[in-house]
Amino acid sequence: FFVRELVGCEVLVGGRSAGRVTAVHEAPANDVLEVAGDDGVVLVPFTGDAVLTVEPAARRIAVRGDLFGG
């Protein structure tokens with residue numbers, strides 16, 4: 001997939017929606033997903049440790065449930 005395909009994807013944290021990707025920021029160590037949801041904006045590291053699945057065709061990205069202390 002291309003990075004541009006991630007913008008607009010729903011981000012699921014532990015099965016619950018955290019919002020949608022509004023931007024992907026390049027950083028020296030790894031890219032960072034900017035996710036806007038009801039609770040505001042959060043930044044999610046786009047790493048194998050944090051991201052469980054990426055499904056661009058389904059417009060969804062799943063991240064670890066404990067990523068934000070949950």
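Is Glu26 buried or exposed? At 76% relative accessibility, Glu26 counts as exposed. The legends below describe close-ups of a predicted model.

**Figure 1. Glu26 sits in the loop between strand 2 (16–25) and strand 3 (32–37).** The residue is exposed, because its relative accessibility of 76% is over the 50% cut-off. Phe46 lies 20 residues from Glu26 along the chain. The C-alpha atoms of Glu26 and Phe46 are separated by 9.9 Å.

**Figure 2. Phe1 and Phe46 form an edge-to-face pair.** The structure holds 1 aromatic pair. The ring centres of Phe1 and Phe46 are 6.4 Å apart, and the planes meet at 75°, so the pair is edge-to-face. Phe1 counts as exposed, at 57% relative accessibility. Phe46 counts as partly exposed, at 21%.

**Figure 3. Arg4 lies over the face of Phe2.** The distance from Arg4 to the ring centre of Phe2 is 4.4 Å. Arg4 is found in the segment before strand 1. The relative accessible area of Arg4 is 63%, so the residue is exposed. Val24 is 20 residues away from Arg4 along the chain. The C-alpha atoms of Arg4 and Val24 are separated by 7.9 Å.

**Figure 4. Asp49, Arg64 and Asp66 are linked in a network of salt bridges.** Side chains of opposite charge can pair when their charged atoms come close. The side chains of Asp49 and Arg64 meet at 3.1 Å, N to O. This pair links distant parts of the chain, 15 residues apart. Asp49 is in the loop between strand 4 and strand 5, while Arg64 is in the segment after strand 6 (60–63). Arg64 also forms a salt bridge with Asp66, at 2.7 Å, N to O. Asp49 is exposed, with a relative accessible area of 56%. Arg64 is partly exposed at 24%, and Asp66 is partly exposed at 46%.

**Figure 5. Arg60 and Glu55 meet in a salt bridge.** The structure holds 3 salt bridges, and the one between Arg60 and Glu55 is among them. The N to O distance here is 3.2 Å. Arg60 is partly exposed, with a relative accessible area of 32%. Glu55 is partly exposed as well, at 31% relative accessibility.

**Figure 6. Gly65 lies in the segment after strand 6.** Gly65 has a relative accessible area of 35%, so the residue is partly exposed. Gly65 and Phe46 are 19 residues apart in sequence. In space, their C-alpha atoms are 15 Å apart.

**Figure 7. The largest nonpolar core has 11 residues.** In soluble globular proteins, nonpolar side chains tend to be buried together. The members of this core are Leu6, Cys9, Val11, Val13, Val21, Leu33, Val35, Val44, Val51, Ile61 and Val63. Strand 1, strand 3 and strand 6 each supply at least two residues of the core. Val21 is one of the core residues. Leaving aside neighbours within four places in sequence, Val21 is in contact with Leu6, Val7, Gly8, Cys9, Val11, Leu33, Glu34, Val35 and Ile61.

**Figure 8. Strand 1 and strand 2 form a hairpin.** The two strands pair in the antiparallel sense over 4 bridges. Glu10 stands opposite Arg20 in strand 2. Between strand 1 and strand 2 there are 2 residues. Gly14, in the turn, has a positive phi of about 60°.

**Figure 9. A hairpin joins strand 2 to strand 3.** Strand 2 and strand 3 pair in the antiparallel sense over 5 bridges. The bridge partner of Ala23 is Glu34, in strand 3. Glu26, the subject of the opening question, lies in the loop between these strands.

How values were computed: Residues numbered from 1 in each chain as written. Predicted model: local features only at pLDDT ≥ 70, side-chain atom pairs only at ≥ 80, totals over all residues. Heavy atoms only, no water. Phe/Tyr/Trp six-rings, centres within 6.5 Å; stacked < 30°, edge-to-face > 60°. Buried < 20%, exposed > 50% of the residue type's maximum accessible area, 1.4 Å probe, protein only. Lys NZ or Arg CZ within 6 Å of the ring centre and 35° of its normal. Salt bridge = Lys/Arg side-chain N within 4 Å of Asp/Glu carboxyl O. Core = buried A, V, L, I, M, F, W, Y, C linked by side-chain atoms within 4.5 Å. Contact = heavy atoms within 4.5 Å. Pairing = 2+ DSSP bridges.
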